[in-house]
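Biologist: Can you put the model up? I'd like to go through the fold and a few residues.

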Amino acid sequence: SIMLETVLGSMAANPSMILPVDVYGSGESTTTYDVMEGIVSAINKGANPINLSLGGTGNSAMLESLIEQAVGKGIVFVAASGNTPGTEPTYPAAYPGVLAVTASGPNGQLAAYADNGGFVRAMEPGTAMIIWNGQEWIIQGTSPATATMTGSITALENQYHLTAQQAAARLILIHPAPR
């Protein structure tokens with residue numbers, strides 16, 4: 001299962017840390033309530049940016065409001081655009097103020113599986129290698145692309161002493177969504 005991940009210590013002298021927040025438990029799906037609870041937990045622990053490598057087609061006014069309030073306080077949300085080709089909105093990526101990320105394929109063009117609706121603001125490679133339980137796995141999708149963007153934001157924050165918003169703005173210019 002995919003987890004909500006956040007980054008702590010972005011402007012601190014210490015390196016950033018990943019704060020995993022499991023919003024799935026032992027299941028393959030989650031609820032809007034669990035995602036909101038995870039976001040509140042991450043915010044309360046000082047996370048910024050917050051990676052949302054998850055999403056769905058359901059729109060929630062409560063989740064949108066929570067994200068809007070947090071964005072107003074300077075928290076950056078980076079969310080997966082979705083792994084269904086086309087332009088349909090995926091939430092929370094399609095909420096205003098969220099940095100929605102789509103995935104590129106090996107040729108650097110939009111991956112065949114990736115959503116690229118008008119809400120999408122950036123693109124990162126959609127393939128990544130991870131190690132789990134001592135085994136190497138190749139994963140594909142807008143979720144690893146989102147994690148790459150979140151990590152890049154944090155790297156810029158740390159290296160150049162930028163805010164999460166400043167770092168995200170620079171990366172959107174460097175890695176824009178294809179149009």
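This is a predicted model: local features need pLDDT of at least 70, side-chain atom pairs count only at pLDDT 80 or more; totals for chains, interfaces and linings use all residues.

Biologist: How many helices and strands does the protein have?

Modeller: There are four helices and eight strands. In sequence order the pattern reads β-β-α-β-α-β-β-β-β-β-α-α.

Biologist: And the radius of gyration, against the globule rule?

Modeller: The radius of gyration is 15 Å, close to the 16 Å from the globule rule for 179 residues, so the protein is as compact as a globular protein of that length. Along the principal axes, the C-alpha atoms fill a box of roughly 40 × 40 × 35 Å.

Biologist: What share of the residues is buried?

Modeller: Of the 179 residues, 44% count as buried. As for contacts between residues at least 6 apart in sequence, 60% of them join residues at least 24 apart.

Biologist: Helix pairs next. At what angle do H1 and H2 cross?

Modeller: Helix H1, residues 32-44, and helix H2, residues 61-72, cross at roughly 15°, and their axes come within 10 Å. The angle is under 35 degrees, so H1 and H2 are roughly parallel to each other. Their crossing is left-handed.

Biologist: Which residues make that contact?

Modeller: H1 contributes Thr32, Val35, Met36, Ile39, Val40 and Ile43, while H2 contributes Met62, Leu63, Leu66, Ile67 and Ala70. By class, the contact of H1 with H2 has 10 nonpolar residues, one polar and no charged.

Biologist: What about H3 and H4, how are they packed?

Modeller: Helix H3 (residues 142-160) and helix H4 (residues 164-174) pack at about 120°, with their axes 8 Å apart. H3 and H4 are therefore oblique to each other. The crossing of H3 and H4 is right-handed.

Biologist: And which residues are in that contact?

Modeller: From H3 they are Met149, Ser152, Ile153, Leu156 and Glu157; from H4 they are Ala164, Ala167, Ala168, Arg170 and Leu171. The contact of H3 with H4 has seven nonpolar, one polar and two charged residues.

Biologist: Staying with H3, is Thr146 buried or exposed?

Modeller: Thr146, which lies in helix H3, has 0% relative accessibility and so counts as buried.

Biologist: What is Thr146 in contact with?

Modeller: Leaving aside neighbours within four places in sequence, Thr146 is in contact with Asn51, Leu52, Ser53, Val78, Ala79, Ala80 and Val101.

Biologist: Switching to loops. Where is Ala93?

Modeller: Ala93 is in the loop between strand S4 (77-80) and strand S5 (99-104). Its relative accessibility is 1%, so Ala93 counts as buried. Beyond neighbours within four places in sequence, Ala93 is in contact with Ala79, Ala80, Ser81, Val98, Ala100 and Phe119.

Biologist: How far apart are Ala93 and Ser81?

Modeller: They are 12 residues apart in sequence, and 5.7 Å apart in space, C-alpha to C-alpha.

Biologist: And Gly82, buried or exposed?

Modeller: Gly82 is in the loop between S4 and S5. Its relative accessible area is 12%, and buried means under 20%, so Gly82 is buried.

Biologist: Which residues is Gly82 in contact with?

Modeller: With neighbours within four places in sequence left aside, Gly82 is in contact with Thr90, Tyr113, Ala114, Asp115 and Thr142.

Technical notes
Residues are numbered from 1 along each chain as its sequence is written. Side-chain values use heavy atoms; hydrogens and water are left out. Axes are lines fitted to C-alpha atoms, for helices over the stretch in contact, and angles run from 0 to 180 degrees between N-to-C directions. Helices (H or I, at least four residues) and strands (E, at least two) are DSSP runs, numbered from the N terminus. Angles under 35 degrees count as roughly parallel, over 145 as roughly antiparallel, 65 to 115 as roughly perpendicular and the rest as oblique. A crossing is left-handed if the near helix is turned anticlockwise from the far one by less than a right angle, and right-handed if clockwise. Contact means heavy atoms within 4.5 Å. Ala, Val, Leu, Ile, Met, Phe, Trp, Tyr, Cys and Pro count as nonpolar, Asp, Glu, Lys and Arg as charged, and the others, Gly among them, as polar. The radius of gyration is taken over C-alpha atoms; the globule rule is 2.2 Å times the number of residues to the power 0.38. Buried means under 20% relative accessible area, exposed over 50%, partly exposed in between (1.4 Å probe, protein chains only).
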